[in-house]
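Have the model open while you read.

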Amino acid sequence: APTELRKAGAEAPSADVEGINLRLAYRPPYDIDGSLRFLAQRALTGVEHVDLEARTIRRALRIDTVEASHAGWICARFQPGRDELRLSLSASLLPVVGRVIGVVRHALDLDAEPAAMAPLLATVPSPGVEGLRVPGCFDHFETTIRIVLGQQVSVAAARTLALRLMERFGTPLEHGLPGLVHRLFPAPKLLALANEDDLGRLGIVRTRS
């Protein structure tokens with residue numbers, strides 16, 4: 001883990017009441033509010049929670065390895081004045097902390113280089129593009145399913161379908177964050193058990209099933 005932390009540019013972890021704490025740096029400028037609004041519009045109740053005022057994202061996370069599956073919660077809080085992200089994670093994710101750091105850096109595009117992007121963004125006629133980031137994903141399978149559900153429907157409709165899927169096939173998160181993060185998005189092996197009728201009752205049309 002120490003080697004992975006050094007490679008990821010994170011400080012060594014410390015423990016407190018929240019879990020394991022890390023600090024992840026990013027290059028300014030970063031449109032924090034714009035990125036958080038994007039995530040808040042798509043947040044799945046129980047799986048993730050976005051607090052725009054506190055500039056914080058909390059969500060359930062599953063990391064699968066050859067040996068085991070590790071599940072827990074993460075809490076990512078932006079520290080604008082310091083150009084860093086304060087990352088807390090449950091002790092259950094400590095064995096895969098290096099993977100967690102990589103997931104968070106990708107999902108929030110922390111490795112973007114604004115200096116290289118600036119000349120291209122300057123050609124965009126729309127205002128408010130300074131600090132623009134490209135949203136990544138916290139879980140590739142979850143994101144793929146949500147892309148399929150979101151075809152030719154509104155963001156709100158896609159979120160509703162994903163919520164129904166999560167409530168039907170998702171699993172409780174042991175030692176989650178009560179009232180905020182307490183369920184895991186369905187794992188591939190669980191969703192594979194669903195037949196077309198099961199999905200149809202959730203409002204998912206045949207082609208998406």
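Helices (H or I, at least four residues) and strands (E, at least two) are DSSP runs, numbered from the N terminus. This is a predicted model, where local features need pLDDT of at least 70 and side-chain atom pairs count only at pLDDT 80 or more, while totals for chains, interfaces and linings use all residues. Residues are numbered from 1 along each chain as its sequence is written, and side-chain values use heavy atoms, with hydrogens and water left out.

The buried set in H2 (residues 32-42) is Ile32, Gly34, Ser35 and Leu36; buried means under 20% relative accessible area, exposed over 50%, partly exposed in between (1.4 Å probe, protein chains only).

H2 also gives the most to the lining of the largest cavity, with 3 residues. Among the lining residues are Ser35, Phe38, Leu39, Arg133 and Val134.

Now for Leu132, in the loop between helix H4 (114-121) and helix H5 (140-149). Leu132 is partly exposed. Beyond its neighbours within four places in sequence, Leu132 is in contact with Asp31, Met117 and Leu121.

| Leu132 item | Value |
|---|---|
| Leu132 relative accessible area | 39% |
| Leu132 to Pro114, sequence separation | 18 residues |
| Leu132 to Pro114, C-alpha to C-alpha | 8.5 Å |

How values were computed: Contact means heavy atoms within 4.5 Å. On a 1 Å grid over the protein atoms alone, a cavity is a set of points where a 1.4 Å probe fits but cannot get out, and a pocket is an open set with protein on both sides within 12 Å along at least five of seven lines; lining residues have an atom within 4 Å of a point.
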